[in-house]
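Keep the viewer open as you read.

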Amino acid sequence: MSTLVLAQVLQASSKCVQGIFAGRSMATLLNDIQPDMRPAVQSVSYHAVRNLGFAIAVERLLISRPIRNANVRSLLLVAITLLDSALEAEVSGSTKRANNNAPIYTVYTLVDQAVRAAKGKLKPFKALINATLRNYIRQHHNLKNAALKSQEARYNYPMWWIKIIKQNYPEHWSSILSAGREHPPLVIRVNQRATSVNAVLEAFAADNINAVHLKEQAIWLPEPLPVHVLPGFSEGWWSVQDYSAQLSATLLPLKSGMKVLDACSAPGGKTSHMLEQADISLLALDNVTERLDRVRANLNRLNLLSDKVSLVCADAATPENWWDGTQFDAVLADVPCTSSGVVRRNPDIPWLRRESDINDTAHAQYRILNALWPLVAPGGYLLFASCSIFPQEGELQAKSFAQKNKNAHRLNAPGLILPLKQSGMPIAGDGFFYALFKKGGTNGA
C-alpha cells in the first residue's frame, strides 16, 4: 500500500469508527466504501474496533480535554491502535502482521499519514494529531502500562459489558472476554445433498488447502481464504457456518414430510441446513426484504429451492398476518438478541449496544416465542436459539417460556455454549444458547 493510499484508508477507517459511535454497524459502514479500498479499510477498521477500549484509555491519558470534533477523535483512535502495533513490532523486530492480524506500518509513516489524513475542515487539527501521536511514541511504555490498568483497555469492552460477564461467569469471564478479540475461525458445513465431507476434503487437498474435519458436516480451515476461491462454492457443495450454529438443524428431530417453520431465517444458514437434513416443507420468514433476498440467494446456490419452500417477508411476532392456520411439526426460532456470543465476528457489537438493549431484546424474544407456540402441532417441537451469552436472552428466557406454557416440555439440548475451547475440538465455536421444547396435550394451545 502506498503512503498516499494509507492516508485515504485512515480517513475512511476513521469514518467507520465514527459511524459505530453513532450507532451504525460495521457491515453497513463498509458497504459505503468504494470497492477497491474496502479490503484495506476493513482490515484497519476491524483492528481499530478490536482495540477501541485501549485507544480510548490512551486518548484520555494524552489529551486533558475531550475532543469535541468527532472526525478528529475517530482519526486519532484509529491511528493510536495502529501506532501501538507498529511500536510493539519495532520492539520485537517483526515486520509481519502481529498475532492479532494487525496491519503493520512503520511508526513515522503512520504519524505522517495520520497528519495528511486531516484534510479540509480537519486541517486546524494537524498539529494536535502530530503532537499527540509523537507524544505516544516518546512515552509508549509508560502510557501503555498506565492505560492497561483499566479493564476497558485490557479487554476492549465497555465497562457495563465486562461487569455482566464477570457477574455471570466468575470462573471464565477473562477467557470469554479475551476470546471476543480473537479472529473468528472459518468453519464450513458440507451440503450432504450435493456431496460428502470426504469429497470436499479431497478437493481442498488437491488445491493444497489445509482443512480439518471436525464433526458431522463441519470442516475447519485453519488458514482462512476468501470463500469464492475455495473449491465447490459456486457448485453449492458447502456453506460458511460456525460450528455452534450448525447444531440447530441437528437438534430438531426432522423427518421427511414434516411441515417446518424457520421463524427468523436470514441469512439462511439454518434454513438451508434443515433442507439438507430431510425432505421437508419449509416456510422461511424474515421481516426485512433485503435479508430474505439473501436467504433466497443462498438456497439457490445450494440448489435447495423447490415448490416445498416458501419465503415470506413478515414479522414472526404477528402470525395473524401470515399464518394459514395449519400447525407446524417443528419450529426453529433463532430470535433477535444482542449477539453477545458472536463478538469475534462482529467486534463492533459491544460498542453498538447499550445495557438497556438486553431487556429490549429479551422482551422481543418473549413476544416471538409466545406468539409462535400456538403454531406448533401437538407432539411438535420448538427450538429456541439465540447467539447470546447473556442469561436474559438464554436460560432465563427459556425458564420464563416454560412457566408460561405448561404444555411445553423441555427436552435435552446444549443450553448455553460459551465461546471457549471444547474438549476434542481444535477451535472454539461462537457463544450460543439452545432450548428444545415438545408440545404436550391435544388442543394445540
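A cavity here is a set of points, on a 1 Å grid over the protein atoms alone, where a 1.4 Å probe fits but cannot get out, and its lining residues have an atom within 4 Å of a point. Grid points are joined across faces, edges and corners, and a volume is the space filled by probe spheres set on the points. You're looking at a predicted model, so local features need pLDDT of at least 70 and side-chain atom pairs count only at pLDDT 80 or more, while totals for chains, interfaces and linings use all residues. Residues are numbered from 1 along each chain as its sequence is written, and side-chain values use heavy atoms, with hydrogens and water left out.

Searching the whole structure turns up two cavities of 30 Å³ or more.

Among the residues around it are V49, R50, N156, Y157, P350 and W351.

Now for the charges. A salt bridge means a side-chain nitrogen of Lys or Arg within 4 Å of a carboxyl oxygen of Asp or Glu, and the whole structure has 15 of them. Take R189 and E276, whose closest N and O atoms are 2.8 Å apart. This pair links distant parts of the chain, with R189 in strand β1 (residues 186-190) and E276 in helix α14 (residues 269-277), 87 residues apart. Are these two buried or exposed? Buried means under 20% relative accessible area, exposed over 50%, and partly exposed in between (1.4 Å probe, protein chains only). R189 counts as buried because its relative accessibility is 0%, and E276 counts as buried because its value is 3%.

Another salt bridge joins the side chains of R345 and D242 at 2.7 Å, N to O. These partners sit 103 residues apart, R345 in the loop between β8 (328-334) and α16, D242 in the loop between β4 (238-240) and α13 (243-251). At 25% relative accessibility R345 is partly exposed, whereas D242, at 6%, is buried.

Finally, D286 and R291 meet in a salt bridge of 2.9 Å, N to O. D286 is buried at 5%, while R291 is partly exposed at 39%. Elsewhere, salt bridges that share partners join D242, R344, R345 and D430 into one network.

Methods: On a 1 Å grid over the protein atoms alone, a cavity is a set of points where a 1.4 Å probe fits but cannot get out, and a pocket is an open set with protein on both sides within 12 Å along at least five of seven lines; lining residues have an atom within 4 Å of a point. Helices (H or I, at least four residues) and strands (E, at least two) are DSSP runs, numbered from the N terminus.
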